[in-house]
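Hi everyone, thanks for making time today. Let me put the structure up, and then I'll walk you through its charged pairs.

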Amino acid sequence: MPGIMTADGKTPPSTQATFEDALAKLPDGYVDGHFGNRSWGVTVKRSQDGKRTWLYGEELSGADILSFNLYRLAGPGSILKPCEMSSAKVTEFVLGFEPGTAKAASRP
């Protein structure tokens, strides 16, 4: 919400900025990790020009999946395109996913 400030008088980052920060911290390629006390395998690919980020995740002991593209616009901002799921599900996952400490071998 506009005008919201933290106790130290600073404006908190937007959900979009926090989401993009968390996404930027994920490594390229495949990594195992956890979300919601479940094991996940996640693959992140970034275009060479930096304008598109693709993420695909699978719950390793279940049937849940997550997939989206994030496009950086020519001007300021970006657009999130989830694949047959809500933007809220994508945002919650990226903000809550905890990659494992060791990067797994790349998957095809």
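**Salt bridges across the chain**

Let's start with K89, which forms a salt bridge with D64, the closest N and O atoms being 2.8 Å apart. K89 sits in helix α2 (residues 87-96) and D64 in the loop between β3 and β4, so this pair ties together parts 25 residues apart in sequence. By salt bridge I mean a side-chain nitrogen of Lys or Arg within 4 Å of a carboxyl oxygen of Asp or Glu. Helices (H or I, at least four residues) and strands (E, at least two) are DSSP runs, numbered from the N terminus.

A quick word on the source: this is a predicted model, where local features need pLDDT of at least 70 and side-chain atom pairs count only at pLDDT 80 or more, while totals for chains, interfaces and linings use all residues. Residues are numbered from 1 along each chain as its sequence is written, and side-chain values use heavy atoms, leaving out hydrogens and water.

How many salt bridges does a search of the whole structure find? Three. Another one joins R46 to D28, with the closest N and O atoms 2.3 Å apart. Here R46 is in strand β2 and D28 in the loop between α1 (15-25) and β1 (29-35), so parts 18 residues apart in sequence are tied together.

Then E59 pairs with R38, at 3.2 Å between the closest N and O atoms.

Is E59 buried or exposed? Buried, at 11% relative accessibility, whereas R38 is partly exposed at 30%; buried means under 20% relative accessible area, exposed over 50%, and partly exposed in between (1.4 Å probe, protein chains only).
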